[in-house]
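Trainee: I would like a close look at one part of this model. Please walk me through it slowly.

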Amino acid sequence: MVRDISMAPSGKKKIEWVQSSMPVLTAIEKEFRKTQPFRGLKIAISIHLEAKTANLALTLRAGGADVWVTGCNPLSTHDDVAAALEEMGFPVFAWRCCTDEEYEDFLCRTLSCHPDLILDDGGDLLSMLHGKCSDCGDRLMGGTEETTTGVMRMRQREAAGQLKYPMMAVNDADCKHLFDNRYGTGQSTWDAITNTTNLIVAGKTVVVAGYGWCGKGVAARAKGLGAEVIVTEIDPICAIEAVMDGHRVMKMDDAAPLGDFFVTVTGCYDVITERHFKMMKDGAVLSNSGHFDVEVSRSDLEKMATEIFERRFNIMGYRMPDGRVLNLLAEGRLVNLAAGNGHPAEIMDMSFAIQAYALEYMAKNAKGMTPHVFDVPRDIDMKVAAMKLTGMGVSIDALTEQQKEYLGNY
């Protein structure tokens, strides 16, 4: 169920392009063809549906899985890639710019396969399995979660005693958050902002809300582009990190009049609201790289604006009563995917390798796992890191037996 199946050739070219830069996933696909860890299993995946995701879906199918695919954001699906996957025989339920009702229907249709495993991004599949689609979880062994936001939602559900299935926090694996969140989000966010606005960053003031791994990456890339960076935080430790990384740290109330670009990466809601909009410069650019479109309050902008108009593709202008115009990118949705191509292929090579091995682990061990949020086993992290180094042509030292004894590594 895709927008236009005739777009498939374009999608196939995109998939072929990223495959050439994802050596770890290529190696895992070859391994899975031999070992068939998912033979006879159905895997439902809800993730930003673009070329790198398609490569992951192909890897899981190579391992014997019947893979059902949907997106995890109404604006991040690439229609040509969705068409390519459908033409390759995958059940696909997604198209770009779907309505909220269509988005929920796509999730339900994907879960209608009664999956054995799920791969979630943001927690919507899991939420549906605990609500509207609870009957579709009768065969579910467990699943994995890709994002900070999704892991947070899982842990909240577990703390409330409501988690029904074992889930693995892929986001917390080192080979995911240290690279995907920091370098991937950092680069892809600024790729999207600069390509969408065609504005220079050098000499401007960038306000980054949140200094977790994603915020660190966004701030570092902004600084590298020549911007002065202001960080807003609620965590005193993260705030100290930002100061020692060379950034100014202050409250959003104080940063609002100073910023030229604003990027939210907190995972929370109402980070930038009416009182901040009242103080902003004419022409300020607002964007979000958190999972959901709740960090920059679009409802407040709409309430305040005397005029709302499209300035260029993926930029809406909101004219304030005093004549100032504030610019919101990609409806306040995940800007790097809603207005860009997402993370670089080399970065997602590691993240999706962790996903593939985490799902393999769940397939083999889920029967002995209780409903709980599990960490990715350390040996998976280390294996993926070693494979990535090999793919990069990098060699590292190894401990001698004497050194292992000295360090207590028996």
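Which helix gives the most to the lining of the second largest pocket, and with how many residues?

Mentor: Keep in mind that this is a predicted model. Helix H8 gives the most to that lining, with four residues. H8 spans residues 174-197. Other helices take part as well. H1 (8-19), H3 and H15 (345-365) each supply at least two residues of the lining, as does H8.

Now the pocket itself. The second largest pocket has a volume of about 320 Å³. Its lining counts 19 residues. Nearest its centre lie Lys 52, Asn 341, Gly 342, His 343 and Pro 344. By class, the lining holds nine polar, five charged and five nonpolar residues.

H3 covers residues 51-62, and H2 covers residues 23-35. The axes of H2 and H3 come within 8 Å. They cross at roughly 20°. Angles under 35 degrees count as roughly parallel, so H2 and H3 are roughly parallel to each other. Their crossing is left-handed.

Which residues meet there? From H2 come Leu 25, Ile 28, Glu 29, Phe 32 and Arg 33. From H3 come Asn 55, Leu 56, Leu 58, Thr 59 and Ala 62. The residues of this contact divide into six nonpolar, two polar and two charged.

To put the two views of H3 together: H3 supplies at least two residues to the pocket lining, and H3 also meets H2 through residues including Leu 56 and Leu 58.

Conventions:
Residues are numbered from 1 along each chain as its sequence is written. This is a predicted model: local features need pLDDT of at least 70, side-chain atom pairs count only at pLDDT 80 or more; totals for chains, interfaces and linings use all residues. Side-chain values use heavy atoms; hydrogens and water are left out. Axes are lines fitted to C-alpha atoms, for helices over the stretch in contact, and angles run from 0 to 180 degrees between N-to-C directions. Angles under 35 degrees count as roughly parallel, over 145 as roughly antiparallel, 65 to 115 as roughly perpendicular and the rest as oblique. A crossing is left-handed if the near helix is turned anticlockwise from the far one by less than a right angle, and right-handed if clockwise. Contact means heavy atoms within 4.5 Å. Ala, Val, Leu, Ile, Met, Phe, Trp, Tyr, Cys and Pro count as nonpolar, Asp, Glu, Lys and Arg as charged, and the others, Gly among them, as polar. On a 1 Å grid over the protein atoms alone, a cavity is a set of points where a 1.4 Å probe fits but cannot get out, and a pocket is an open set with protein on both sides within 12 Å along at least five of seven lines; lining residues have an atom within 4 Å of a point. Grid points are joined across faces, edges and corners, and a volume is the space filled by probe spheres set on the points.
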